[in-house]
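Subject: Handover of a structure

Dear colleague,

Please find below the structure that I am handing over to you. My notes on what was found follow it.

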Amino acid sequence: MIGRFAPSPTGPLHFGSLIAALASYCEAKTQGGKWLVRIEDLDKPREVAGAADHILKTLETFGFEWDGEVIYQSHRNPLYQEALNQLQAASMIYNCDCSRKEIADSADHGIDGLIYPGICRHKEAIRTPSASRVIVDSKPIFFTDAIQGSIEQTLAQDVGDFVLKRADGLYAYQLAVVVDDFEQGVTHILRGADLLNSSPRQIYLQQLLHYPTPEYAHIPIANNANNEKLSKQTLAPAIDGSQASTVLKQALAFLGQDPPMDLVQCNPTEILQWAKQHWDIKKIPHQQSIVLS
Ligand SMILES: [Zn+2]
């Protein structure tokens, strides 16, 4: 069993990312597994200088210990290109030079932005630079999420052919995450439910690349009083290392684990010890989001 926590270094850790770290850590550690940390820093323009180091230091302050070395996606382009070449050899990708406007003029809205209508699938001459898209089909993708239950999605109808490498050369999140999880031997993916809609795309890529499909569990995301996901954009406050015990207890309560009142008297390492001993994934609320009170 190998789990992982994969933050993007776009700012300091906030409560929303802490619950994903805590839940993935407990789920892996209670089963005697490994817990990996991967920094998802593909999108360099969005990265905040020093944020990756700050995240790792905060994890340490909160008592987390990861297994092995921290992986940085920005160092792994050759692996992503190799996977892209494999899909190219299988004739599963094509180049696309559509502008945003061209797509917007002819596409409907799907579950995650516009459904790409396949404009460039059969186009003869493609301008450069161009993006690479993977060809999807109409066969429904099913999986059972350990928290959210049965999930079904039909990529052709809900998403359309999606981008694996952007015209500016950046590898897409969907490709990188699938390659990394496979390369790192990840067997259990536990993350926020905002990524639930991405899982069928990732399962589809695993199938095309002949990778095994891991187990999935999507925890509810933490929303602020305006029912917006905690994030840098919604000005979520950084979690406070000097209040680590209180924040960890709040995170365990958010995850339905019923921590006792006096747990806040313990240090972070002791709290994580308690969390591992009492962890029960079945107690996590079967919701996609919860407003923080
Ligand atoms: Zn196109």
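Into which domains is the protein divided? There are two: domain 1 covers 2-75 + 177-291, and domain 2 covers 78-173, with bounds that come from an automatic or database domain assignment. Please note that this is a predicted model, in which local features need pLDDT of at least 70 and side-chain atom pairs count only at pLDDT 80 or more, while totals for chains, interfaces and linings use all residues. Residues are numbered from 1 along each chain as its sequence is written, and side-chain values use heavy atoms, with hydrogens and water left out.

The interface between the domains

The C-alpha centres of the two domains are 27 Å apart. Contact (heavy atoms within 4.5 Å) links 37 residues of domain 1 with 31 residues of domain 2. The buried area between them is about 2900 Å², and carbon and sulfur atoms give 64% of it; buried area is the accessible area (1.4 Å probe) that two parts lose on being put together, summed over both. On the domain 1 side, L42, R201 and Y204 supply 24% of the area buried against domain 2, more than any other three residues.

R201 also forms a salt bridge with D112, the closest N and O atoms being 3.0 Å apart. A salt bridge here is a side-chain nitrogen of Lys or Arg within 4 Å of a carboxyl oxygen of Asp or Glu, and the rule finds one across this interface.

The loop between α8 and α9

Helices (H or I, at least four residues) and strands (E, at least two) are DSSP runs, numbered from the N terminus. Q257 lies in the loop between α8 (244-254) and α9 (268-278), and D258 is placed in the loop between α8 and α9 as well. Are these residues buried (under 20% relative accessible area) or exposed (over 50%), with partly exposed in between (1.4 Å probe, protein chains only)? Q257 is buried, at 2%, whereas D258 is exposed, at 57%. Beyond its neighbours within four places in sequence, Q257 is in contact with residues including W274, H278 and W279. Phi of D258 is near 50°, a positive value in a residue other than glycine.

Two further backbone features

A cis peptide bond joins T128 and P129, with omega about -5°; P129 is found in the loop between β6 (113-114) and β7 (131-134). N227, in the loop between β13 (221-223) and α8, has a positive phi near 60° and is a residue other than glycine.

With kind regards
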